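Please look over the sequence and the model shown here. The report that follows takes up side-chain pairs, domains and backbone details.

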Amino acid sequence: MVTSPNNPDGQLKCARFQHPNAKAIYDRVYYWPHYTTISTTPADDDIMLFSLSKLTGHGGSRFGWAVVKDKTVFEKMDKYLSINTMGVSHESQLRALKLMKVVIEGKEGETLFDFGYKTLSYRWEKLSEVISVSKRFSLQEIEPEYCNFFHKIRGPSLAYAWLKCLREEEKDCYAVLTAANIIGRRGSNYGAEDRYVRLSLIRTQDDFDQLLHRLKILISEENTAKSI
């Protein structure tokens with residue numbers, strides 16, 4: 001099972017192990033141009049999973065789909081879903097159809113991907129500026145790359161920030177941030193150390209503004225302590 005782009009650090013991943021009797025299942029729910037660079041090499045894996053919740057933010061619709069090359073695998077998946085879920089509700093299908101039409105049509109010459117990339121790249125820049133003056137925290141590094149969708153070299157526009165506490169004694173970064181009224185998710189939820197915390201960049205603008213405000217206060221206290 002390969003999550004690419006990876007949640008939470010946004011890195012593009014590939015299968016590490018190969019076997020003639022096994023296929024890699026790629027979780028591609030974040031593989032959209034408002035979250036990551038779309039490579040010049042198409043995503044062409046044997047099994048790829050996608051989700052409406054990450055494409056448009058409508059997680060409550062519980063609507064996803066898979067691209068499956070092997071007909072036998074597809075038929076087994078189809079049978080399992082039919083038995084397990086009795087199919088997808090008509091309400092979810094109609095909602096998904098409407099959302100797909102909106103994504104395709106865009107609004108006033110701007111597509112969902114244009115809006116999403118502009119918003120998330122701005123948020124990443126602002127967050128990076130705040131963290132750059134700190135010796136206590138760091139963010140994951142994502143290099144600018146050429147994007148085959150936007151036809152240009154583009155910087156990061158990640159869904160999540162993977163924040164790390166750098167002080168040796170601060171092994172529980174979640175506790176450090178919680179004390180500053182900053183809500184994140186523990187690194188151990190993702191198989192990492194609790195020195196890491198995932199911060200969401202895909203909430204409302206008010207939520208993001210509050211995140212920046214509280215981080216600035218936390219980092220200013222760090223700098224004040226140094227001067228003392």
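## A charged pair

In what kind of contact do the side chains of D44 and K69 meet? The two form a salt bridge, at 3.1 Å from N to O. The term covers a side-chain nitrogen of Lys or Arg within 4 Å of a carboxyl oxygen of Asp or Glu. Side chains of opposite charge can pair when their charged atoms come close.

D44 sits in the loop between β2 (25-27) and β3, and K69 in the loop between β4 and α2 (71-85), so the pair ties together parts 25 residues apart in sequence. Helices (H or I, at least four residues) and strands (E, at least two) are DSSP runs, numbered from the N terminus. Over the whole structure, the search finds 7 salt bridges.

## Basis of the model

This is a predicted model: local features need pLDDT of at least 70, side-chain atom pairs count only at pLDDT 80 or more, and totals for chains, interfaces and linings use all residues. Residues are numbered from 1 along each chain as its sequence is written, and side-chain values use heavy atoms, leaving out hydrogens and water.

## Two domains

The chain splits into domain 1 (2-105) and domain 2 (112-225). These bounds come from an automatic or database domain assignment. Taken over C-alpha atoms, the domain centres are 26 Å apart.

In domain 1, 19 residues contact 23 residues of domain 2; contact means heavy atoms within 4.5 Å. About 1700 Å² is buried between the domains, with 65% of that from carbon and sulfur atoms. Buried area is the accessible area (1.4 Å probe) that two parts lose on being put together, summed over both. Helix α1 (residues 52-56) gives the most to the side of domain 1 that touches domain 2: 3 residues. The count of salt bridges between domain 1 and domain 2 is 0.

## Aromatic pairs

The whole structure holds 12 aromatic pairs. Rings of Phe, Tyr and Trp (its six-membered ring) pair if their centres lie within 6.5 Å; planes under 30 degrees apart count as stacked, over 60 as edge-to-face and the rest as tilted. The ring centres of F50 and W65 are 5.9 Å apart with planes at 15°, so this pair is stacked. F50 belongs to strand β3 (residues 47-51) and W65 to strand β4 (residues 64-68), 15 residues apart.

## Backbone details

S4 and P5 are joined by a cis peptide bond, with omega about 0°. P5 lies in the loop between β1 (2-3) and β2.

H151 is a residue other than glycine with a positive phi, near 55°. H151 is placed in the loop between β6 (145-147) and β7 (152-154).
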